Amino acid sequence: MSDNKPLTAKERMSKPRNEMPLFDAKERILNFNEVPVGFSMEQAQNEASRCIQCKKPECIQGCPVGINIPAFLKLVESGDVAGAAQKIRETNFLPAACGRVCPQDKQCEAVCIVGKKYDPVGIGNLERFVADYEREHNLPRQPKISPSTGKKVAIIGSGPAGLTCAYELRIRGHDVTVFEAFHRGGGVMVYGIPRFRLPLQIIDEDLKFLEEMGVKFVYNMIIGNILTLDELMEDEGFDAVFIGTGAGLPKMLGIPGENLNGVYSANEYLTRIYLMHANEFPDYTTPLFQGKKMGVIGAGNTAMDVMRTGIRLGADVTCYYRRSRDEAPARTEELEHAEQEFINFKWLSSPLEFIGNENNFVTGIKCAVMELSEPDDSGRRRPVPTGEEFIDEVDTVVFSLGCDVNPVIPNATNDLRVNKWGVIMVDETTCHTSKAGVFAGGDAVTGGSTVILAMGQAKNAAKHIHEYLAGRFDYKLDVPTDPEAPGIQWSFAKRKG
Ligand SMILES: Cc1cc2nc3c(=O)[nH]c(=O)nc-3n(C[C@H](O)[C@H](O)[C@H](O)COP(=O)(O)OP(=O)(O)OC[C@H]3O[C@@H](n4cnc5c(N)ncnc54)[C@H](O)[C@@H]3O)c2cc1C
């Protein structure tokens with residue numbers, strides 16, 4: 001094949017996938033630096049050239065914000081990274097974050113046609129490459145902001161849902177104010193997802209960009225407590241509200257010893273470290289008892305983040321999970337990274353009790369040894385006790401069992417409907433809640449989910465808020481009334497609309 005001859009689809013597909021190199025585990029557990037090294041230009045072009053530019057690209061459908069993936073990959077392949085960045089930015093406000101934390105293996109890459117026979121194109125790694133190139137080369141981001149509409153919108157919460165909604169409404173010419181309970185913005189991307197997966201600088205630049213676009217931020221403002229939703233609309237003159245308050249209320253284990261000193265929920269542990277700098281004592285005075293023998297309950301992505309944080313703070317970390325490795329809910333990549341980083345795993349171990357000393361500090365964890373029986377409703381094999389038990393010595397325990405929606409706003413708002421799990425109920429098409437002019441999206445309406453799904457809903461909500469503000473909101477509202485109705489679980493097709 002001569003150098004100038006275009007590659008055939010078969011030649012493209014059969015090229016080996018370029019995996020993103022990682023820093024060595026022994027080195028990386030000594031700091032909080034990012035673990036993947038990043039692609040070189042050559043690696044990126046080579047990986048992008050594996051895309052066969054399908055006529056009906058399923059990857060676009062697989063992306064909850066509908067990025068034109070083949071188009072941006074083609075631009076990368078040709079070396080036009082600035083063009084690729086612009087292409088991604090047409091639909092995604094947070095590409096550097098999404099390139100790093102999206103579950104691409106379940107979304108765009110899961111439906112990549114190349115992946116039917118070969119390894120799928122590394123779309124996530126390429127998105128990250130483009131976003132980093134844009135940032136490192138100070139490429140201008142020039143959003144076209146429509147003339148002022150004179151309408152005021154309040155966004156509650158500054159996580160990916162709130163920030164995306166703020167961006168989408170600002171470019172449509174609205175006056176947007178984000179109210180955030182904490183002293184800084186970013187939501188879970190800042191106080192949950194660790195720095196070694198998502199550096200802080202990335203989120204800070206996106207926040208600065210929004211400020212430069214004219215979005216206002218009010219921090220330390222708990223809506224539902226300091227100001228109510230009704231006050232925002234009636235006294236403060238907001239024409240519409242978007243609730244993007246996430247799902248930050250930890251589910252508890254309900255076993256003896258849960259209230260001992262040294263036992264934390266994953267949320268509390270990560271927030272103390274990443275938002276309140278507890279690991280930087282005495283420069284910061286946030287208390288955290290970080291022991292040397294740490295037990296972590298659960299094997300989801302958040303548990304992996306907790307364990308990998310603990311090991312960086314010098315603890316010997318063990319994971320306790322009642323099923324086996326095969327059923328662990330964490331993404332394979334996250335689990336593998338944790339394994340590389342010397343975390344111990346005690347599969348088929350279900351905590352029964354935390355044991356404390358006379359000062360009420362945790363000293364041990366008692367577990368039942370489990371075995372797997374028939375599959376349950378989730379399709380995973382059900383763990384049942386074997387009758388055997390064991391006790392391990394620990395001085396810190398973190399449990400990671402998922403989170404519920406915080407009830408502060410619903411409790412303070414009479415006409416805001418929630419289901420029996422506390423999830424804010426919305427009309428699936430428009431994201432409108434049961435309260436006029438109030439929309440919601442992200443984890444607050446799905447329960448704990450993902451950055452990109454929160455963004456997808458926020459984009460959809462913004463589109464309908466815009467319609468509402470323009471007086472074109474004549475849809476038949478369809479907010480569920482059944483308290484047993486689950487949070488919304490949008491399919492890709494629905495999200496596209
Ligand atoms: C440890 C951890 C790791 C994760 N890893 C990943 C990952 O790798 N990939 C992925 O896609 N997803 C991941 N997730 C999930 C993802 O972070 C969430 O799905 C996403 O952040 C939800 O976005 P959101 O904007 O709805 O809510 P959040 O990010 O939770 O933001 C909500 C914001 O609202 C604020 N707020 C809450 N109540 C009020 C109030 N009353 N008044 C004012 N402000 C309020 C909160 O302080 C917060 O800043 C992870 C979650 C956790 C906890």
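Predicted model: local features only at pLDDT ≥ 70, side-chain atom pairs only at ≥ 80, totals over all residues.
Q: OK, how many aromatic pairs does a search of the whole structure find?
A: 15. Rings of Phe, Tyr and Trp (its six-membered ring) pair if their centres lie within 6.5 Å; planes under 30 degrees apart count as stacked, over 60 as edge-to-face and the rest as tilted.

Q: Take phenylalanine 93 and phenylalanine 209: why is that pair classed the way it is?
A: The ring centres are 6.2 Å apart and the planes sit at 25°, so the pair is stacked.

Q: And where do those two lie?
A: Phenylalanine 93 is in the loop between α6 (81–89) and α7 (95–101), and phenylalanine 209 is in helix α11 (residues 200–212), so the pair ties together parts 116 residues apart in sequence. Helices (H or I, at least four residues) and strands (E, at least two) are DSSP runs, numbered from the N terminus.

Q: Are phenylalanine 93 and phenylalanine 209 buried or exposed?
A: Both are buried, meaning under 20% relative accessible area, with exposed over 50% and partly exposed in between (1.4 Å probe, protein chains only).

Q: What about phenylalanine 179 and phenylalanine 238?
A: They're edge-to-face, 5.7 Å centre to centre with 80° between the planes. Phenylalanine 179 is in strand β2 (residues 175–179) and phenylalanine 238 in the loop between α12 (229–234) and β4 (240–243), 59 residues apart. Both phenylalanine 179 and phenylalanine 238 are buried.

Q: Which charged end sits over the ring of phenylalanine 238?
A: That of lysine 152, 4.4 Å from the ring centre. The test is NZ of Lys or CZ of Arg within 6 Å of the ring centre and within 35 degrees of the ring normal. Arginine 141 has its charged end over phenylalanine 209, 3.7 Å from the ring centre.

Q: Switching to the sheet, what's the strand order?
A: Five strands make an open sheet, β3-β2-β1-β4-β15, with parallel pairing; two strands pair if DSSP finds at least two bridges between them. At the edges, β3 (216–218) and β15 (438–440) each have a single partner strand, so one side of each lacks a neighbour in the sheet.

Q: How many bridges join β1 to β4?
A: Four, with β1 covering residues 152–156. Valine 153 stands opposite alanine 240 in β4.

Key: Residues numbered from 1 in each chain as written. Heavy atoms only, no water.
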